[in-house]
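Hi,

Here is the structure for your files. My notes follow below it.

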Amino acid sequence: MQPGPLLLLLAACQAEPVPTLDPTLAQKYQASCAACHETGAADAPRAHDSAEWSRRTRRGMGALVESVKRGTTAMPPRGMCHDCDDAHLQAIVEYMIAPQ
């Protein structure tokens, strides 16, 4: 049996999967980011909330990573992940801005 046009259309329209973090980065996210970015504490944009991230993502990934490195408003420099390098920070930001 061949797939019908509706099934093919639905398969083509699937959203991109949410990026996952490898176990080391997931641990860093939980230890340094989740307390604020899962709850919205201190006006942190909630992870996977497109509306809360839209203003920030317009500036581009480079600007977002620089904000994390410098710290911003209530977030301390590097988001308190002092052993995160720039690639770690970018991967964590990409994870947080991805819609679920």
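Contact here means heavy atoms within 4.5 Å. By that criterion, serine 67 touches Arg59, Thr72 and Met75, leaving out residues up to four places away in sequence. Serine 67 sits in helix α5 (residues 61-70). It is buried, at 8% relative accessible area. Buried is under 20%, exposed over 50%, partly exposed in between (1.4 Å probe, protein chains only).

The model is predicted: local features need pLDDT of at least 70, side-chain atom pairs count only at pLDDT 80 or more, and totals for chains, interfaces and linings use all residues. Residues are numbered from 1 along each chain as its sequence is written, and side-chain values use heavy atoms, without hydrogens and water.

Now α2 (residues 23-32). Helices are DSSP runs (H or I, at least four residues), numbered from the N terminus. Leu25, Lys28 and Tyr29 are the buried residues of α2. They share one side of the helix because they span an arc of only 100 degrees around the axis, taken from the directions from the helix axis to the C-beta atoms. The face turned away from that buried side carries exposed Pro23, Gln27, Gln30 and Ala31.

The buried residues of α2 pack against α3 (34-37) and α6 (86-97). α2 and α6 meet at about 75 degrees, axes 10 Å apart. Axes are lines fitted to C-alpha atoms over the stretch in contact, and angles run from 0 to 180 degrees between N-to-C directions. So α2 is roughly perpendicular to α6 (65 to 115 degrees). Leu25, Lys28 and Tyr29 of α2 meet His88, Ala91, Ile92, Tyr95 and Met96 of α6.

Best wishes

How values were computed
Helices (H or I, at least four residues) and strands (E, at least two) are DSSP runs, numbered from the N terminus. Angles under 35 degrees count as roughly parallel, over 145 as roughly antiparallel, 65 to 115 as roughly perpendicular and the rest as oblique.
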